[in-house]
Amino acid sequence: MSPVMVPATDHAPVVRSFSPGDFEVPHGREEEWRFTPLTRLQGLHESPEALAEPEITVAGIDASAVQRLVLDAGLRARVSTPVDRIAAHSWQLADHATVISIPAETTLDDLIAVQVHTPAGTSFGHLVVEVGAFATVTVLITFTGAGAFAGSVDINAGDHSHVTAGSVFESDRQAVTAARIHVRLGRDANVRSSVITLGGDLTRIHATVEYTAPGGDAELLGLFFADAGQHHEHRVFVDHSQPHCRSSVTYKGALDGAGTHTVWIGDVLVRAGAVGIDTYEVNRNLVLSDGARADSVPNLELETGEVVGAGHASATGRFDDEQLFYLRSRGIPEEIARMLVVRGFFADILRRTNIPDLPTRIMSIIDDRLGVTDLVDEVISA
Amino acid sequence: MSTLEIRNLHAAVETDAGPEPILRGVDLTVVGGQTHAVMGPNGSGKSTLAYVIAGHPKYKVTAGSITLDGVDVLEMTIDERARAGLFLAMQYPVEIPGVSVSNFLRTSVGAIRGEAPKLRLWLKEMKDAMAALSIDPTFAERNVNEGFSGGEKKRHEILQLELLKPKIAVLDETDSGLDVDALRVVSEGVNRFRESGDTGTLLITHYTRILRYITPDFVHVFVDGRIVESGGPELATQLEDEGYERFIALAQKEGATP
């Protein structure tokens, strides 16, 4: 199958194809790979083999709503076409997807909880959440495991649907993850998609948004916490091809420890016909110690001037010695001081995920990583 | 009753050109119930003394000792010193983005008292303490020192002083940058603290103005990294009339003597 060539813009991917051969092996100089430590990808970007299969379990919805579908023409039309070699390989080596379908006009009160567990070795997998028109649903996808994993999540939000989604990556320290999370919005659809990365040695998440009709409203939220040399990379691409849509992108990251590296690339493209859109993207990073590095690159490409709003912002701040001194001089031990600052930094974004119990669970994972023990927990304000 | 004892204290700050001595033999004893004013010209090292007592990592103690009730303070970490009963009201309080005043205060009070205060009692305690310093209740939800005016920062420092109830409080130029009304409110807070028990106060200031509101028991003149003269409140009056010149000359003469 020949690759689909699309008109070149600065930020839209040039090649879209399910065939890995249509993509060169990245060498690290390419714009989209220049921040990624390729040697730590465990070969995912070269010519990987599937040595294991992820275990995907779905809870909170009737089993009849969950199917395993093979990648035929029908499924291809419902998932995002790969824009890089890893994604193309992931479909070649796992040519099927777990598809969760929510019928039109249903409101699910229960959270749909999906667990994607990747065993040791290299594995590939795909998940599709198909939300019917006027349906309302909340889905939380948790990625765990030890291996190298590449895969995708496609959230297809039907006309006028309301989707709240969360993707939490909390794999083991040695794991490698390269995943795409694609949101496709129908007419007047409303999607809030949160991506949280905590684990892994290298975690690279490509969050993309596509509008198929006017009126779509996408809210992308991101939280990353990386320490002890982890590499967390978030690449966002919002493709405004339809008029009168809205996108809001907010990512917040905290970094701790020498050698830790986070990357945030926020690409927003407003195509010529996409008049009356409103877009804003922001990335804020908090560097907690020396030797940690945060790269942050917002890109806003406007092909029309007829917008309601378009903006971006990026800022990286340091938790500095003077702040630490101030808190410690009030009797607050160093670990708690860091925790207070990190909790304060993440509080709003966690609240905005709108997923029950998630803020508490994520904060307690981060507290642990910051070295806050149960003992000192007693001194902490509730 | 607590005693803070500073003996022959020498301290230096690390610079690109090597360590630069700032404190050159400070001797001072503050006993609970007493208020000491340390006065000196700009650059005399009086703020350094405050920071060294609190344990700021920028300064290295090269000789001498600080003890609180006989326990070596220099061996303690910054937060251990606070939990042992020392408090520093800072000249330039630091902004802590993302941490609300109410969360900060409760965590701090919990750390100092050894247990988190009961929520309902705590809210009342905080509200009352804020009202006494004419601090708007909405401050509780603002981030620590973020966007505070100079006067608001100083009131927030004294609010902490009153809530944390230290054994010995060091107030580093709390009066600087305050207008007369704010100075009065802040001074009243300090006086409430002084009257609350056998607490010791070390008031570091450049101006005599604050001493009209807070009467010291002892006044020390601090020049060139040490105390060159000590006396009663009348020494402050003398300073107000004569300025620091005589003491600077005195320090230079002494420094020149081998």
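How many salt bridges are there between chain B and chain A? I counted two salt bridges, taking a salt bridge as a side-chain nitrogen of Lys or Arg within 4 Å of a carboxyl oxygen of Asp or Glu.

**Entry 1: conventions**

I worked on a predicted model, in which local features need pLDDT of at least 70, side-chain atom pairs count only at pLDDT 80 or more, and totals for chains, interfaces and linings use all residues. Residues are numbered from 1 along each chain as its sequence is written, chains are lettered from A and ligands numbered from 1 in the order in which they are written, and side-chain values use heavy atoms, with hydrogens and water left out.

**Entry 2: the interface of chains A and B**

I looked up the salt bridge that joins the side chains of B:D79 and A:R328, and its N to O distance is 2.7 Å. I also counted 11 residue pairs in polar contact between chain B and chain A, both residues at pLDDT 80 or more. A polar contact is a pair of N or O atoms within 3.5 Å; within protein, one must be able to donate a hydrogen and the other to accept it, and residues adjacent in sequence count only if both atoms are side-chain atoms.

I then listed the elements of chain B that give two or more residues to the side touching chain A: α1 (46-54), α2 (78-84), β6 (86-89), β7 (96-100), α3 (101-113) and α5 (150-164). Helices (H or I, at least four residues) and strands (E, at least two) are DSSP runs, numbered from the N terminus. With eight residues, α3(B) gives the most to this side.

In total, 36 residues of chain B and 20 residues of chain A take part in the contact (heavy atoms within 4.5 Å). The two chains bury about 2300 Å² between them, 64% of it on carbon and sulfur atoms. Buried area here is the accessible area (1.4 Å probe) that two parts lose on being put together, summed over both. I noted that B:I78, B:D79 and B:T107 supply 21% of the area that chain B buries against chain A, more than any other three residues.

I checked the burial of α3(B) and found 10 of its 13 residues buried (under 20% relative accessible area; exposed is over 50%, partly exposed in between; 1.4 Å probe, protein chains only). Among the buried residues are B:F104, B:L105 and B:T107. Just after α3(B), B:G114 has a positive phi of about 90°.

In α5(B), 13 of the 15 residues are buried. I compared its length with the expected span, which is 1.5 Å times one less than the number of residues: α5(B) should span 21 Å, and its end C-alpha atoms are 21 Å apart, which agrees. B:K165 follows α5(B) with a positive phi, near 45°.

**Entry 3: A:S289**

I located A:S289 in the loop between β18 (278-287) and β19 (293-302) of chain A. A:S289 is buried, with a relative accessible area of 15%. Its side chain makes a polar contact with the side chain of A:D256 (3.2 Å), and a polar atom of the A:S289 side chain lies 2.6 Å from the backbone nitrogen of A:G257.

**Entry 4: A:I362**

I found A:I362 in helix α5 (residues 358-369) of chain A, buried with a relative accessible area of 0%. Leaving aside neighbours within four places in sequence, A:I362 is in contact with A:V168, A:I196, A:L198, A:L223 and A:L350.
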